[in-house]
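The sequence and structure are shown below.

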Amino acid sequence: MTLSHTIQNQEDIQSLKSEHLQIFIQTSEQVVLDKIECKNLILIVEGFLNYKHYASLILSLNHLNLSSFKLKYGANNQFSDDDARILAKFILNQKSLVSLDIHFDLKNPLKQLQPILEAIKIHENKLMHLKLNFEDELPLCFKDLQFITSRKLQSISLQIGQGVCLGQNWSHFENYLEDSILSELSLFISPFNKLDKSFHSFFKWLESQTKIEKLNITIGAQTDLDKQALTQLGLALQKIENLKYLNLILHDTRNLSQHSFDQIVKSLGKLENLNLNLGNNYGINNYDILYKEVKNISSVKLSLGAHHKFISQELFLNCNIKILDIKLLKGCTIKQGSFKSIESFLEKTEKLIIELSDGKDCSDLDLIDLIGQITPNCDIRLNTNTQYIRKVKQTLQIQLDTIQSIKVLFNTLSQKMDLFQNLKIFIKSTSIEQESIDPIIKQLQQSQLKVLSLIIKKINNFKCNQMIDFFQQIVILKQWTFLSIEVMQKCIMQLYGKSVVNQQVNFQVHSGLKLGQQGMEYIAKSLKSINITKLRLTILLDNSLNEQGLKQITLALLNSVNLQKASLQILDSNQQLQQYMSKMQATINQYIKDKTKLQKSYCLFLQKELNNNNKQISQQMLVGVADYLIEDVVLPVPAAGQYHNQQGGFGSSWNPQQIVEIFGQ
């Protein structure tokens, strides 16, 4: 375990003791670390501190006997040639040093790297792991790096910043050891780093390192990587017999021919792990050799460049890849029908990732084909600009553009529904036929689903009442852990909660729907079907509302024994109806506030609804309303005189006894 400590002022300097120690210096003040104790030290001086005290900092470490040491001095500081000489002496004095990592950062007054590199060259043979990161504008001479070809190192990492390669002769890497023990090599060359014609010499030297097991090569764009170097790289990869892990990223592929590509990939079959990135490659049309070679590699990640004609059948057939990750750039295509017969591949693999980053070149029907091939143990992530499929364990998420009918998707899903507990679907445009509703309900009922999210942006043959009825059937189907059903074009119904007795409902009807009496009855019916604890009901303008429908919705809520909170936002250009909404909200709030006085809420509701402007009302009117209410709920009897002579009451022609007679005993 590594102990990490940040020094921002003198008070932060402590006597730190740990096998592994990481120290961040974030102050321009002098820091002395003569009281720390560790075997493995990471020392990072943050950039832009104008730090001038490297000499005293490094000298304060002389009491340590380190196994590994990493130093990064930040950009825009004051690491000088004198500091470099002190660092070189410190490296030489660390006789037990096995691993060394130095990050040479930019915009420091350092003019000479040679003393540090010379110290590494002549260090005791215990040094096995070397990592050097040369940032931009450093005065590096490749001749000073020649020693790495003659040292017995197990791992080497060279990171060369922008512009450092200009004018450098790579022929210094031609020498090699007969008994080399190098097992891991990393070379990172930043973009805009014009490579000399001698760069192929590095790959010629690489060809001799036959014991390498792990190879990382990243060459940035605009580096003038020529044909000779690419050809030599292919030859080197063929000669390294023990190679198991290859991370090959070539952003400059202007000179990559079909022949040199075939040379590079023809020996990849021996690998266990491959990451191949060809940048913005335009020159390769035939990937047959690649597909053949990678079939038995455990983990494969491919980014094959722009305008790659991806032919999946050839890759998936008789394929034993466990993890397959493919990134397709602009102009790449997924050939129609690619996913029709890949179930046998998915049965053997653990993870399939396909990303089509620019544009949409995969049909929705192809994605539905892929859904039909899903297997229990293979996780899938497929992304285009506008679509995706994500399958992780027992969760499936789908986003599609346009499908002619939702039954096409659900017919395919029905074959795999038993694999999922969580299903989330988003469709931009589709149709829902009446005859497809019953089969969908049956599939959902028989499934193991606990979470369902169905979002449809536009239904072409939309009928509001049909949809509300469809939604209601899904709501009461089972005890959902989470349920969200939305049609963004017209109305939204969302329901979620931990059980049917603990649910929150968000119900929104968009403007212009012409909901009318029948639609309002459907809403009331839906709300009465479940025990709601929290409700947010929104009905927007131009929905042909009336008091009778709103009354039914109100009664449905007043029947909700568990209702704890209700928020109603119902907009209508009719001012009287707007006033009625306010009364509905007040009535429901009163009911929630004190459920033990249920009949009081009803009577207040009647009072405010039917006796506007304190006018007398007829017995027939009141009896009619009371009969309507009694059909839906059994009310307790108010005490005699409870509502008599209240301001704005039922009027002088009525007394409490008559109200009792209407509501019954």
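Which residues line the second largest pocket? They are Gln313, Phe316, Leu317, Asn318, Cys319, Gly337, Ser338, Lys340, Ser341, Ile342, Ser344 and Lys348. Helices α8 (312-316) and α9 (343-348) are the elements that give two or more residues to this lining.

The model is predicted: local features need pLDDT of at least 70, side-chain atom pairs count only at pLDDT 80 or more, and totals for chains, interfaces and linings use all residues. Residues are numbered from 1 along each chain as its sequence is written, and side-chain values use heavy atoms, with hydrogens and water left out.

| Pocket | Volume | Lining by class |
|---|---|---|
| Largest | about 300 Å³ | seven nonpolar, nine polar, four charged |

A pocket is an open set of points on a 1 Å grid over the protein atoms alone, where a 1.4 Å probe fits, with protein on both sides within 12 Å along at least five of seven lines; lining residues have an atom within 4 Å of a point.

Of the 20 residues lining the largest pocket, Ser68, Ser99, Leu100, Asp101 and Lys131 are the closest to its centre. Strands that each supply at least two lining residues include β4 (68-73), β5 (99-104) and β6 (129-134).

Elsewhere, helices α15 (residues 547-558) and α16 (residues 575-593) pack at about 10 degrees, with axes 10 Å apart. The two are therefore roughly parallel (angles under 35 degrees). In the contact (heavy atoms within 4.5 Å), residues of α15 including Leu550 and Leu557 meet residues of α16 including Met581 and Ile588. By class, this contact has nine nonpolar, two polar and two charged residues.

Conventions
Axes fitted to C-alpha atoms, helices over the stretch in contact; angles between N-to-C directions. Helix = DSSP H or I, 4+ residues; strand = E, 2+ residues; numbered from the N terminus. Parallel < 35°, antiparallel > 145°, perpendicular 65-115°, else oblique. Nonpolar A, V, L, I, M, F, W, Y, C, P; charged D, E, K, R; others polar. Points joined across faces, edges and corners; volume = space filled by probe spheres on them.
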